[in-house]
Amino acid sequence: MAAIEGIPGGQQSLIRWHYLWYVAAALLVMIAAIVYGNIWFLNWVHVMSGVLWTGIDLFMGFVIGPIIRSVAVPVRKEIITRLTPVTLFLMPTLSVIAGTAGWFLAVELGFTELPWPQFGWIAAALVLVTLMTIQGLGYLLPTSLRVCFELQKPQPDGPKIGRMMSRFYYVVASQGVMQVAIIVVMAKLVTGV
């Protein structure tokens, strides 16, 4: 492999700090939608971030994940070390924007004032988004980083990576199930409680 822009041995920095500009821009769009108070704009921010978050999550979990598990370790290393820097800022940003915009949209539309059991759909959405965000930020992201750092070593420890990844796929699968569940909840909210 050829050296990448002055980094010895082709090692590229895992953290691409310039991506923070994209994160800031996305958060500013969300803040503008909340402050501006336009329901259409707020709904658009919520739906787009949710579609991207869900689509990327499901694609990664059910398409890319099985492919990565089936290829040789050098190929796996190349895929993971190129994919992680892109998803490092993207996925947390999408999850935070989808959940936050969704909450403010629910408040604006009066869903938070619904009586029980109708409010149960809002509570279900809140629980699902909270669980997915905690899993993503608290387990999936740190595990991905640890695996990526290990793969960047000259001699990656395969058994160590295996141990780190042992529960990873089950958590990814549970994320997929919760993503589908939240789509059911959102469809119920959009069609009337």
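These legends describe an overview and several close-up views of one predicted model.

Local features are given only at pLDDT of at least 70 and side-chain atom pairs only at pLDDT 80 or more, whereas totals for chains, interfaces and linings use all residues. Residues are numbered from 1 along each chain as its sequence is written, and side-chain values use heavy atoms, without hydrogens and water.

**Figure 1. Overview of the helical protein.**
The protein has six helices and zero strands. Along the sequence the pattern reads α-α-α-α-α-α. Helices (H or I, at least four residues) and strands (E, at least two) are DSSP runs, numbered from the N terminus. Along the principal axes, the C-alpha atoms fill a box of roughly 60 × 30 × 20 Å. The protein has 193 residues, and 36% of them count as buried. Buried means under 20% relative accessible area, exposed means over 50%, and partly exposed lies in between (1.4 Å probe, protein chains only). Take the contacts between residues at least 6 apart in sequence: 74% of them join residues at least 24 apart. A contact means heavy atoms within 4.5 Å.

The accessible surface comes to about 11,100 Å². Carbon and sulfur atoms account for 73% of that surface. Areas come from the Shrake-Rupley method with a 1.4 Å probe; for residues, only the protein chains shown count as cover. There are 11 positive and 7 negative side chains. The centres of the two sets lie 11 Å apart. Lys and Arg count as positive, Asp and Glu as negative; His and the chain ends are not counted. Each charge is placed at NZ of Lys, CZ of Arg, CG of Asp or CD of Glu.

Two aromatic pairs are found in a search of the whole structure. One of them joins Trp116 and Phe119, with 6.3 Å centre to centre and 50° between the planes. This pair is tilted. Rings of Phe, Tyr and Trp (its six-membered ring) pair if their centres lie within 6.5 Å; planes under 30 degrees apart count as stacked, over 60 as edge-to-face and the rest as tilted. Trp116 is exposed, at 62% relative accessible area. Phe119 is partly exposed, at 25%. Trp116 is also joined to Pro117 by a cis peptide bond, with omega about 15°. Pro117 sits in the loop between α3 (73–108) and α4.

**Figure 2. Thr133 in helix α4.**
Thr133 belongs to helix α4, residues 119–151. The residue is buried, with 18% relative accessible area. A polar atom of the Thr133 side chain lies 2.8 Å from the backbone oxygen of Val129. Leaving aside neighbours within four places in sequence, Thr133 is in contact with Trp53, Ser95 and Gly138.

**Figure 3. Thr54 and Gln179.**
Thr54 is part of helix α2, residues 39–70. At 10% relative accessibility, Thr54 is buried. The side chains of Thr54 and Gln179 make a polar contact at 2.7 Å. A polar contact is a pair of N or O atoms within 3.5 Å; within protein, one must be able to donate a hydrogen and the other to accept it, and residues adjacent in sequence count only if both atoms are side-chain atoms. Not counting residues up to four places away in sequence, Thr54 touches Gln179 and Ile183.

**Figure 4. Further sites in helix α2.**
Val47 lies in helix α2 and is partly exposed, at 38% relative accessible area. Val47 and Ala98 are 51 residues apart in sequence, yet their C-alpha atoms are 7.3 Å apart. Gly65 is also in α2, and is buried at 10% relative accessibility. Gly65 and Gln152 are 87 residues apart in sequence and 19 Å apart, C-alpha to C-alpha. Ser70 is exposed, at 59% relative accessibility. Its side chain reaches the backbone oxygen of Ile67 at 2.9 Å.

**Figure 5. Met186 in helix α6.**
Met186 lies in helix α6, residues 168–191. At 26% relative accessibility, Met186 is partly exposed. Not counting residues up to four places away in sequence, Met186 touches His46 and Ala125. Met186 and Leu20 are 166 residues apart in sequence and 30 Å apart in space, C-alpha to C-alpha.
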